[in-house]
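Okay, thanks for coming, everyone.

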Amino acid sequence: MYDVAIIGAGITGMSIARELSKYDLKVCVLEKEVDIAMGTTKANSAIVHAGFDAKPGTLKAKLNAKANSMFDQLSKDLDFHFRRNGSLVLCFDEKDMDHLRDLMEQGIQNGVPDLVILDKAAVLAMEPNLSEDVVAALYAPTGGIVCPYEMAIGMAENAYENGVEFFFENTVLDIQKLNNGYALITDKNTFKSKLVVNAAGVYSDKMNNFVSSSKLSIIPRRGEYCVFDKEVGSYVDKTIFQLPTKLGKGVLVTPTVDGNLLIGPNAVDIDDKDDLTTTRIGLDEILRKASLSIKKMPSHAIIASFTGLRARTEADDFIIGEVPDAKGFINAAGIESPGLTCAPFIGAMVKEFIVEMLHPLEKSNFNPLRKGIHHFLEMTNEERKALIKQDPAYGKIVCRCETVSEGEILSAIHRPLGATTLDGIKRRTRAGSGRCQAGFCMTRVLDILSRELEIKRTEVTKFGGESKLLVGKNKQDV
Ligand SMILES: Cc1cc2nc3c(=O)[nH]c(=O)nc-3n(C[C@H](O)[C@H](O)[C@H](O)COP(=O)(O)OP(=O)(O)OC[C@H]3O[C@@H](n4cnc5c(N)ncnc54)[C@H](O)[C@@H]3O)c2cc1C
């Protein structure tokens, strides 16, 4: 019997798992996909929000600024990319200045430090590629950018090293109440646990509804993005938002921690919780809206597009806490934006509930540190030479666009909770994320995965399940 079973290996579940791994508790994570961070955590704006956006009084507002301040230490401990680049909310019309000032007031109420309104000259001096139509902007120096899946993987690896057990490709199909806890029935097994944490993202309504008569409903809200080549990665330095107006919420333009430029998202409610398609209409919409913020849209440099799904509930706020009619069942549900930013605080909050319920002892040997993969691209030539001397696999470049070596790919496969798929390698090393979008390295990575995991090349998948890359040989019946 587990003390705690966490459903979902996204940023919410992983933050909770890491917090619980500090205690003498038997904890497991059940995840339907083949890897960490395969839900909304892999597809969002990757902004560490300053915290001026949420309505005061909501959980989102209470957690955001506090969680934001946790990122400096956390990114050092877990060795993930994070940059406090600051954010600007652009105002394009003098008539909207009151609204901009209200936003600043709201930020101050939410505890956001150092907010300031800049005039046009100051904004353009800070960001010369912004549109001349800007009249002023709200500057939040504490805004940041992060790699969401690298962060989730860092938390997961650290939780695993500290004793948390992971079960991938286990879809929770039902949850039944027992005298002393719950039975979680997956497509592979039954797991018994005293407490359950529901961190199932867009499916957190379904998990809640197995055990509670107080039903939740999550309507997935699609957000589409365009990713630009690194050639234009420094077109802006800050994260550029648009002041919401009667005409809509606007879209953002931001650099990423990996050096790309990102624009998006739009917002369209859909029915299918697994529909990650991008649409011509949606991409046109974000390109049109983002063009209002910058002088010239570098459309020639778009290399990829993707969709993320927000876990929208009617409450329009996070739902965190024990379910009143299901003792020992804790929701971390409806975690939409700024859920990535708030995750470290949500982890600590849920841990507090559990400590109060089970009174576990703190571990004396908890190791808070995790070391990430050595990224060849980020090293000096001296460091490269030294590493190649130690391990010649770092001298073989597999992904040319992102300068990813075989050494990094081997590390991604053989580290704790290592990659087993092409996308798993991509998210850990960036092989396949560059300009050619894996056109060059896909077959090479496939060969390495096949060799190292001792599986046939035809069994290697892009993201698990039936997403096989090879089906047979040319001119052979399949
Ligand atoms: C378009 C968009 C933009 C965003 N931008 C930002 C931003 O810039 N900053 C910010 O702070 N936040 C942002 N967010 C919000 C943030 O991405 C989410 O709050 C966060 O990723 C949610 O993480 P999660 O772990 O709760 O959910 P998920 O990452 O979806 O994880 C849930 C996990 O549960 C698993 N699961 C589901 N059902 C089952 C089952 N039956 N059995 C087992 N496992 C199951 C899933 O496979 C998944 O891995 C954005 C969201 C979207 C969609």
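Predicted model: local features only at pLDDT ≥ 70, side-chain atom pairs only at ≥ 80, totals over all residues.

Residues are numbered from 1 along each chain as its sequence is written, and side-chain values use heavy atoms, with hydrogens and water left out.

So, the ligand. Which residues come nearest? There are 38 residues around the ligand, and T12, E31, T41, I335 and T341 come nearest.

From the backbone, a polar atom of T40 is 2.9 Å from a ligand oxygen. N44 uses its side chain: a polar atom there lies 3.1 Å from an oxygen of the ligand. And a ligand nitrogen is 2.8 Å from a polar backbone atom of I47. On its own, the ligand has 1000 Å² of accessible area, and the protein covers 97% of that. Those areas come from the Shrake-Rupley method with a 1.4 Å probe, and for residues only the protein chains shown count as cover.

Which elements give two or more residues to this shell? They are α1 (11-20), β13 (219-228), β18 (302-312) and α9 (339-358). My element names are DSSP runs numbered from the N terminus: helices are H or I with at least four residues, strands are E with at least two. By residue type, the shell has 16 nonpolar, 17 polar and five charged residues. Domain 1 (2-41 + 148-218 + 315-358) and domain 2 (87-141 + 219-309) each give at least three residues to the shell; the bounds come from an automatic or database domain assignment.

Okay, on to strands. Have a look at β11, residues 181-186, where five of the six residues are buried. Buried is under 20% relative accessible area, exposed is over 50%, and partly exposed is in between, with a 1.4 Å probe and protein chains only. I call two strands paired if DSSP finds at least two bridges between them. β11 runs antiparallel to β10 (172-178), with six bridges, and a two-residue hairpin connects them. One of the bridges takes L178 to G181.

Next, β7, residues 136-140: five of its five residues are buried. A136, L138 and A140 point one way, A137 and Y139 point the other way, and all are buried. β5 (87-91) pairs antiparallel with β7 over five bridges, including C91 with A136. β6 (116-119) also runs antiparallel to β7, joined by four bridges, and V116 partners Y139.

There's also an open, antiparallel three-stranded sheet, in the order β3-β8-β4. β3 (47-48) and β4 (82-83) are the edges, each pairing on one side only.

Most residues other than glycine have a negative phi, and most peptide bonds are trans. Where are the cis ones I want to show? One joins G264 and P265, with omega about -10°, and P265 is in the loop between β16 (261-264) and β17 (268-269). Another runs from S337 to P338, with omega near 10°; P338 sits in the loop between β20 (326-333) and α9.

As for phi, D114 isn't a glycine but has a positive value of about 65°. D114 is in the loop between α4 (97-109) and β6, and counts as exposed at 55% relative accessibility. E454 likewise has a positive phi, about 55°. E454 falls in the segment after α13 (442-453) and is exposed, at 71% relative accessible area.

That's it from me.

Note on methods:
Near = heavy atom within 4 Å. Polar contact = N/O pair within 3.5 Å; in protein donor to acceptor, adjacent residues only side chain to side chain. Nonpolar A, V, L, I, M, F, W, Y, C, P; charged D, E, K, R; others polar.
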